[in-house]
Amino acid sequence: MKTINVEKPNFKYSPYVLYACDKEIRFKGSAGGVATQLIKYMFDKNYISSALTFKFAGENLYIPKIARSFEEYNITGSIYHEIDIFSFLKENIKNFTDHFAITALPCQVKAIRKIAERHNKNVIIISLTCSAQQEKEATYYLLEYLGIDSSDVELLKYRGNGWPSGIFIRTKDGKEYKIENINSIWMYIFHSMIFSLDRCITCKDTFGIESDIILADPWLKRYKEKEKIGASITIPNSEIGNLLIEKAIDDKYLCVNEKITIQEVIESQYLTLEKKYIQRKYRKFFKFLKSIFKYFPYLHFKMLSILYHKILFKMVGEDGNTDNKSTYFK
């Protein structure tokens, strides 16, 4: 049986499944609160004295800001829209202290590192494993679909409050809306690729292999069946990243659920990895397909999403059968 040539990242250290020992942080985080707990640990131990955080800004959705203490750090969970981190860093790098931390997408890691080094700053980068990022229009369409004026939104969170959770919206009149991440209109908007960034089609780095620490949702059968609060696959990826993880475990900031193998890491993200492989290989076709989808009325995301992935996985089958079959839309 032929296997498609997905990414084979060269992880430097053995992976764990961890979660925040602080119950509130664990519950509020996207997948066990590991990133937030690490930020807290680094502030508490004076390893950093500033960090990049984000705040909800109404119609602008999330915008970046500098936190100079953990009390100023917002537990936002994942953010599913593009944020111009690079411009913010370039304009504000002098306002970051010499030792600071950032959570970032894999495609942002190299540039962040270069900006910090150019200004003689030491940055700890936590990479969030990514399947694709969305334009802000994805969120605006969701609000329109739900009959919510974007100017009436007081708070919007894409993840958090359990796992795998979903989107939480509160409007200024106190109404609350909850949309699950799986089998919902948001899932179909996200996976239709209509609002995905163009660069996602050519992505070669799902994990962020030049970061200090890599985090990923534990999409393994045993977690999908039983995990409800949250945990993260956590991979130390530099000497300082490994030291931080070990010390945070020793100091009871992070709790160990189990150690896993690199093969299990790959298995947990295999749907994303095979999708990216096919998109890269046939990138011109998928860019064309995406441009065609843009012309459809935004009323049939489920149809477009299923069509896109049927085409995608038909190509997977033609490229070679895999042991980890794609069953997302069955």
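Which residues does Thr-53 touch, not counting residues up to four places away in sequence? Before turning to that contact list, a word on the model is in order. This is a predicted model, in which local features need pLDDT of at least 70 and side-chain atom pairs count only at pLDDT 80 or more, while totals for chains, interfaces and linings use all residues. Residues are numbered from 1 along each chain as its sequence is written, and side-chain values use heavy atoms, with hydrogens and water left out.

Thr-53 lies in strand E2, which spans residues 50-56; helices (H or I, at least four residues) and strands (E, at least two) are DSSP runs, numbered from the N terminus. Its partners in contact, meaning heavy atoms within 4.5 Å, are Ile-63, Pro-64, Lys-65, Ala-67, Glu-72, Tyr-73 and Asn-74. With a relative accessibility of 1%, Thr-53 counts as buried, where buried means under 20% relative accessible area, exposed means over 50%, and partly exposed lies in between (1.4 Å probe, protein chains only). A polar atom of the Thr-53 side chain also lies 3.0 Å from the backbone nitrogen of Asn-74.

Seen as a whole, the chain has 12 helices and 11 strands, and 55% of its 330 residues count as buried. Among contacts between residues at least 6 apart in sequence, 69% join residues at least 24 apart. The accessible surface of the chain comes to about 15,800 Å², of which 50% belongs to carbon and sulfur atoms; such areas come from the Shrake-Rupley method with a 1.4 Å probe, and for residues only the protein chains shown count as cover.

Strand E1 (residues 16-20) is largely enclosed by the rest of the structure, because 5 of its 5 residues are buried. In a regular strand the side chains alternate between the two faces of the sheet. In E1, Tyr-16, Leu-18 and Ala-20 point one way, whereas Val-17 and Tyr-19 point the other way, and all are buried. E1 has strand neighbours to consider as well, where two strands pair if DSSP finds at least two bridges between them. With strand E10 (residues 232-236), E1 runs antiparallel and is joined by 3 bridges, and Ser-232 in E10 is the bridge partner of Leu-18. With strand E11 (residues 254-259), E1 is again antiparallel, here through 5 bridges, and Cys-255 in E11 stands opposite Tyr-19.

Among the helices, H2 (residues 34-44) is likewise largely enclosed by the rest of the structure, since 9 of its 11 residues are buried. The buried residues of H2 are Val-34, Ala-35, Thr-36, Gln-37, Leu-38, Ile-39, Tyr-41, Met-42 and Phe-43. Just after H2, Asn-46 takes a positive phi of about 60°.

Helix H4 (residues 109-118) holds Arg-113, a residue that is buried, with a relative accessible area of 18%. The Arg-113 side chain makes a polar contact of 3.3 Å with the side chain of Asp-212; a polar contact is a pair of N or O atoms within 3.5 Å, and within protein one must be able to donate a hydrogen and the other to accept it, while residues adjacent in sequence count only if both atoms are side-chain atoms. Leaving aside residues up to four places away in sequence, Arg-113 touches Val-123, Ile-125, Glu-210, Ser-211 and Asp-212.

Most residues other than glycine have a negative phi, and most peptide bonds are trans. In the loop between E2 and strand E3 (62-67) lies Leu-61, whose phi is near 60°, a positive value in a residue other than glycine; at 2% relative accessibility, Leu-61 counts as buried. The loop between strand E6 (153-157) and strand E7 (166-171) contains Pro-164, which is joined to Trp-163 by a cis peptide bond with omega of about 0°. Ser-165 lies in the loop between E6 and E7 too; phi of Ser-165 is near 60°, again positive in a residue other than glycine, and Ser-165 is buried, with a relative accessible area of 12%.

Phe-288, found in helix H11 (residues 283-293), counts as exposed at 51% relative accessibility. Phe-285, Phe-288 and Ile-292 form a nonpolar patch on the surface, with about 270 Å² of accessible area together. Patches are made of residues with over 30% relative accessible area and no salt bridge, with like charges joined within 9 Å and nonpolar side chains (Val, Leu, Ile, Met, Phe, Trp, Tyr) within 5 Å; a salt bridge is a side-chain nitrogen of Lys or Arg within 4 Å of a carboxyl oxygen of Asp or Glu.
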